[in-house]
Amino acid sequence: MTGNGAREVLAVRYCTRTTTRAENFLNHHLYGEPDADIEMDYYFWVVRDGAGTILVDTGFNPVVGDRRRRAWWTTPADALPTIGVDPGSVHTIVVTHAHWDHTGNLHQFPDARIVISQAEYDFWTSPMARRSQFVTHAEADEIAYLQRADAEGRLTLIKGQHTLDDGTELIEVGGHTPGQVVVSVPTATGTVVLASDAVHFYEEVERDRPFAIIADLPAMYRAYDLLADLAARPGTSLVAGHDPLVRTRFAPHPAGPDVTDLTAARESP
């Protein structure tokens, strides 16, 4: 395994929007609280060390973002050089799940190995994925790209838990999607757990409030319990998938305000 001393884990924000609590939390009316606006950030994540770079998800394709009325300002291939990463150094892409805002731009890395859970891949290539409650959250062209990568021998399908060559651990939890994966990265300063959309906002775990887009509610609750247990371990940091608080809880990166260093907690004022 590559030494952790030089390992860096970054969140790169490429989009933000204002939405509502009722749109994002399942059955929000049950909590007896008025609806209110909430900010939602969109990220992809970078794990890099001397052996190269792993991307965790690839954001959304700009054409798709425009069609879905999402403001955006960069893509992974454009953003990586600003943090000193050669896009050609990306040897592995972990697709945590196959929703449209996590599978865009895979084509920017034609030589990278793609890792996704077997359950996730099987679901999105099945007839069930074409039902209206699912199909709206994925892009057919991007699912087809995963199928081409499989045919080319560039797709690695995992089940349960899987450890990459550098020690990064992938844990299949389901819930939000049938094969949602979380990513646990060992570093010199501790373990960084990238929840991706297993936890969009911290309050899903901290206040036990499920997200509105869901494949399996009991599995989503179990994922929250697992992530809460992981976060309680000494030296472990939980990173929510869409929460602006990520940029509050962790330190800014010298590359700019849209890049957050997930290996360093923000110092208290």
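I take helices (H or I, at least four residues) and strands (E, at least two) as DSSP runs, numbered from the N terminus.

**Entry: ground rules.** I am working with a predicted model, where local features need pLDDT of at least 70, side-chain atom pairs count only at pLDDT 80 or more, and totals for chains, interfaces and linings use all residues. I number residues from 1 along each chain as its sequence is written, and side-chain values use heavy atoms, with hydrogens and water left out.

**Entry: Asp 57.** I began with backbone angles. Asp 57 sits in the loop between strand S3 (52–56) and H2. Its phi is near 70 degrees, a positive value in a residue other than glycine. I then looked up its accessibility, using buried for under 20% relative accessible area, exposed for over 50% and partly exposed for in between (1.4 Å probe, protein chains only). Asp 57 has a relative accessible area of 0%, so I noted it as buried.

**Entry: Asp 208.** Here is another non-glycine residue with a positive phi, of about 60 degrees. I found Asp 208 in the loop between helix H8 (202–206) and helix H9 (217–231). Buried or partly exposed, I wondered of Asp 208? Its relative accessibility is 43%, so Asp 208 counts as partly exposed.

**Entry: salt bridges.** Side chains of opposite charge can pair when their charged atoms come close. I counted a salt bridge when a side-chain nitrogen of Lys or Arg lies within 4 Å of a carboxyl oxygen of Asp or Glu. How many salt bridges does a search of the whole structure find? I got 16.

**Entry: Asp 41 and Arg 13.** I saw this salt bridge with its closest N and O atoms 3.5 Å apart. The pair links distant parts of the chain, with Asp 41 in strand S2 (residues 37–49) and Arg 13 in strand S1 (residues 8–20), 28 residues apart. I have both Asp 41 and Arg 13 down as buried.

**Entry: Glu 139 and Arg 68.** The closest N and O atoms of this salt bridge are 3.0 Å apart. Glu 139 lies in the loop between helix H6 (132–135) and helix H7 (140–151), and Arg 68 in the loop between helix H2 (62–67) and helix H3 (76–79), so the pair ties together parts that are 71 residues apart in sequence. Glu 139 and Arg 68 are both buried.

**Entry: Glu 152 and Arg 154.** I found these side chains meeting in a salt bridge at 3.1 Å, N to O. Glu 152 is exposed at 52% relative accessibility, whereas Arg 154 is buried at 13%.

**Entry: a network.** I also traced a network of salt bridges linking Arg 21, Glu 33, Glu 203, Arg 207 and Arg 209.
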